[in-house]
Amino acid sequence: MSIRRRLTQEESRSAALTAARALLIEAGPQAVTLKAVAARVGRTHANLLHHFGSASGLQKALAKHLADTICTTIAEAVIARHSGVGTAREVVDMCFDAFDREGGGALASWMLLSGNEDALHPIVDAIHDMIDALHDFDAGSMRATTLSVVLLALGDALMGEPLSQSLNLPRHAARDQAERILLDATAREALATPQS
């Protein structure tokens, strides 16, 4: 007889979010149900209800988990770029991958379609906090740049492939555009920053 170790509340919640993220990436947002996540982590539906309250609570927690994880990764890339280590393209690719391969775009559209718009707040808040923390210079300019890049990444995740094909553009055209936007913003920032 095997004895299963009792997980702490935080460990149980973390395991559920990891499983939910895996389901999101593997099968799309419609697969992220309390029942499927419970089966994946070997817990009961009631256990997940205790942690998240409802399916929309799980979606909101997953959105926050994704946003925090993704924004931390992007922030590290931005810091590396400002230190001369990383490139604008690496920052753009991380943002686009967050919405595409990591499932952020599918999750956002699923939440909107299911009427769970408030679950997007953690994503929006995490992006806002990241920009405020990273940019003590003209944050207004970086906010506009961030808006452009994030909307391009979201749109690309949702319909980039068929749209780029129909316009006879390479699949990476939206990423190229986002990179130009970021490079232009960086050049404007350099011009506006007094040289010492």
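The largest nonpolar core has 48 residues, and the members touching the most other members are V32, V37, L58 and L62. By nonpolar core I mean a set of buried Ala, Val, Leu, Ile, Met, Phe, Trp, Tyr and Cys residues joined through side-chain atoms within 4.5 Å. Buried is under 20% relative accessible area, exposed is over 50%, and partly exposed is in between, with a 1.4 Å probe and protein chains only. The most residues in this core come from α4, which gives twelve.

Before going on, a word on the source. This is a predicted model, in which local features need pLDDT of at least 70 and side-chain atom pairs count only at pLDDT 80 or more, while totals for chains, interfaces and linings use all residues. Residues are numbered from 1 along each chain as its sequence is written, and side-chain values use heavy atoms, with hydrogens and water left out.

What does V32 touch, not counting residues up to four places away in sequence? The list is A20, L23, L24, V37, L58 and L62. Contact here means heavy atoms within 4.5 Å.

Now the whole chain. Helices (H or I, at least four residues) and strands (E, at least two) are DSSP runs, numbered from the N terminus. The C-alpha atoms fill a box of roughly 70 × 45 × 30 Å along the principal axes. Of the 196 residues in the chain, 39% are buried. Taking contacts between residues at least 6 apart in sequence, 68% join residues at least 24 apart.

Next, helix α1, residues 9-27. Its 19 residues reach 27 Å from the first C-alpha to the last, close to the 27 Å expected at 1.5 Å a residue. The expected span is 1.5 Å times one less than the number of residues in the helix. Which residues of α1 are buried? They are S12, A16, L17, A19, A20, R21, L23 and L24. The cover over them includes α2 (34-41), α3 (45-52), α4 and α6 (104-113). A15 is also in α1, but it counts as partly exposed, at 27% relative accessibility. A15 and G42 are 27 residues apart in sequence, and their C-alpha atoms are 9.9 Å apart in space. After α1 comes G28, with a positive phi near 95°.

How do α1 and α4 pack? Helix α1 meets helix α4 (residues 55-82) at an angle of about 85°, with the axes 10 Å apart. The axes are lines fitted to C-alpha atoms, for helices over the stretch in contact, and angles run from 0 to 180 degrees between N-to-C directions. The two helices are therefore roughly perpendicular. For the cut-offs, under 35 degrees is roughly parallel, over 145 roughly antiparallel, 65 to 115 roughly perpendicular, and the rest oblique. On the α1 side of the contact are R13, L17, A20, R21 and L24, and on the α4 side L58, A61, L62, H65, L66 and T69. These residues divide into seven nonpolar, two polar and two charged. In that count, Ala, Val, Leu, Ile, Met, Phe, Trp, Tyr, Cys and Pro are nonpolar, Asp, Glu, Lys and Arg are charged, and the others, Gly among them, are polar.

As for length, the 28 residues of α4 should span 40 Å at 1.5 Å a residue, and its end C-alpha atoms are 40 Å apart, which agrees. Just after α4, G84 has a positive phi of about 85°.

Helix α5, residues 88-99, reaches 17 Å over its twelve residues, close to the 16 Å expected. Its buried residues include V91, V92, C95 and F96. F96 is touched by D156, a residue of helix α8 (residues 139-166). Is D156 buried or exposed? D156 is buried, with a relative accessible area of 7%. Besides F96, D156 touches E161, R171 and A174, not counting residues up to four places away in sequence.

Last, the loop between α8 and α9 (173-192), where N168 lies. Most residues other than glycine have a negative phi. N168 is not a glycine, yet its phi is positive, about 55°. At 71% relative accessibility, N168 counts as exposed.
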